[in-house]
Amino acid sequence: MTTSPSETTDTGAGSFADWVGEVASAVGSEDWSADHGTAKVMVAADAWHAALSTAKLELGLVFFSYLSAIDWANDVAVGDPPAEPVDERYEVLAGVADLAEGRIVHFSTTLPKDGASLPSITDVYAGANWHEREATEMFDIAFEGHPNPVKLYLPDAFEGHPLQKTYPLLSREVKPWPGTVDVEPMPEVADPEAPSTENPEA
Amino acid sequence: MTIDHDTLRHLSDASVAVELETEDMTLNIGPQHPSTHGVLRLVAKVDGERARDVQPAIGYMHRGYEKLAEVRTYPQITAFINRIDWVSGYANEVPFIAAAEKLMEIEVPERAQYIRLILTEMARIASHMIFMASYPLELGAATPLFFALRDRERVLDLLESVTGGRFHPNFNRIGGVKPAAGAGPTQKKASQDLPKGFLAGTHDAMDKLLATCDELESLIAGNEIFQARTKGIGVLPGEIAADFGVSGPNLRASGIAFDLRRHTDFLPYDQFEFDVPTGRNGDCWDRWWVRLEEIRQAARIIQQAVDAIPSGALQAKVPKIIKVPKGEVYVRAENPKGEMGYYLVSEGGQGPYRLKIRSASFSNISILPWILEGVLVPDIIAILGSLDFVLGDVDR
């Protein structure tokens, strides 16, 4: 097999991008992308529940893969900030797939940082239950109508939301070493584009 | 006083008609119970012999990998994602590496792809063999353990001869695989490849493995106790499984012939013939049988791959310092436990901006409150075991 790993799986009539466009228009969205074989459809927060219902009932995306979020922040406590300044927001992602052709669509919506709240989709996909609880405790995003909105992983008395970008990596605060070692820059190399020495003859 | 038959019947009717005042008992299983495969706690309300409202309590092993990934470089992340599902550590690496490679638009040499595929299937066999060993044991049959672990050992030895690791190989590099451990310290290209005798040895081991599968089947499948404990127990319909995101062998046991290996573009599965076994009833028995059959199919794939492996480089040209271009990609693979996916968000740095890890066992055991509703208490153990989860894969 000599196909490039960046090519998308073309599984049927029309190209992959056409299909993503069709999914987007079926849920009333014009904002979508199909880069790197990843189908992403952006929907408004108030269309979130309806879009996922359509996905399951009309588009045959019956398999619930995951739900999670991204904290887009310019001020970060750990790691690198985004390459360019971004709008401060949460992006909620839900991946739903079909069980015939191996296609998965990632629905995305944005929420403000203050009082982030989204209708729960547990009535559409039962599997969203635990994923929404995880997103609530990790990011502080409320899911209205969730049947059991309690902590999932974290102890009940835990304060803070660990996957927020402003949340420090606590082990490093308590004990700087060995954490300080790996935040040092990588050793300078004369030519960073030079081939790796690990396999010199490749 | 004489009691005639009518009086007796009347008496027994009366005793049945009395509303017994019963109280549900709360039964706590775990977090350290052998059947929980780690540290899972179940809080079950027990009404007589029936379990009601079972709530799993997880998080005892949460290691914060998603947070950790934000402060680590790509090569460092490869090392710790081995530990997500440690029973099949190798299989966790490949989709993550493939995600980074997609963003970097690197073409992986064919030989490296074949090696990845062979080792991934070996990880699948190792994982399923653990299931073949532990599941009958949980139901009271000790013998299969020795057969299954003996053959798992063969597979682990082969994995070790290539990667140097049995559980956590950390063998993939962005662009290919690292020079084989069994090759020794030399830098010569010819000796960096797979260790001598690996291909023939693999062929041999797979033949033995297929014989063991037959032995395991004759040992367990015909056992009346095993049948009674598993047939018709813990029935999971396909549409419910999909709704909860249950994937892998558990989904296929429910009759849905969906296998991501049929739809993957970063490993050359399309070059080989293999079947996707499915169950008829979605019960514990089917979940056991599907995994047994998957071992056979994995051995079949490995034998074909060993015969067809092309020669060539193990690595594509990559820069010394790995920086992944800005972009987002989701890559998922058919891991032994089910769908393993990584949503990788790169901002062009040496590490991800965000890495969402979609692990199979997490969704697989989110079905527990549904599937354990109203089952007999001893069946809890049979159903738990049949779902074949690893707590590292649940908690991440």
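This is a predicted model: local features need pLDDT of at least 70, side-chain atom pairs count only at pLDDT 80 or more; totals for chains, interfaces and linings use all residues.

Reader: Which residues touch the most other members of the largest nonpolar core?

Author: Ala100(B) is among them, together with Val41(A), Leu52(A) and Met122(B), in a core of 160 residues. The largest share of this core, 16 residues, is contributed by helix 5 of chain B.

Reader: How do the end C-alpha atoms of helix 6 of chain B compare with the span its residues should give?

Author: At 1.5 Å a residue, the 21 residues of this helix, 143–163, should span 30 Å, and the end C-alpha atoms are 31 Å apart, which agrees.

Reader: Which residues of helix 6 of chain B are buried, and which are exposed on the other side?

Author: The general idea is that an α-helix has 3.6 residues a turn, so residues three or four places apart point the same way. In helix 6 of chain B the buried residues are Pro144(B), Ala148(B), Asp151(B), Arg152(B), Arg154(B), Val155(B), Leu158(B), Leu159(B), Val162(B) and Thr163(B). They cover an arc of only 155 degrees around the axis, which places them on the same side of helix 6 of chain B, whereas Phe146(B) and Asp157(B) are exposed on the other side.

Reader: What do the buried residues of helix 6 of chain B pack against, and which residue follows the helix?

Author: Those buried residues pack against helix 4 (89–104), helix 5 (110–138) and helix 7 (198–220) of chain B. After helix 6 of chain B comes Gly164(B), with a positive phi near 85 degrees.

Notes
Residues are numbered from 1 along each chain as its sequence is written. Chains are lettered from A and ligands numbered from 1 in the order in which they are written. Helices (H or I, at least four residues) and strands (E, at least two) are DSSP runs, numbered from the N terminus. The expected span of a helix is 1.5 Å times one less than its number of residues. A residue is buried if 20 or more other C-beta atoms lie within 10 Å of its own, exposed if 12 or fewer, and partly exposed in between; C-beta atoms are placed from the backbone. The arc is that of the directions from the helix axis to the C-beta atoms. Two residues are in contact if their C-beta atoms, placed from the backbone, lie within 7 Å. A nonpolar core is a set of buried Ala, Val, Leu, Ile, Met, Phe, Trp, Tyr and Cys residues joined through C-beta atoms within 7 Å.
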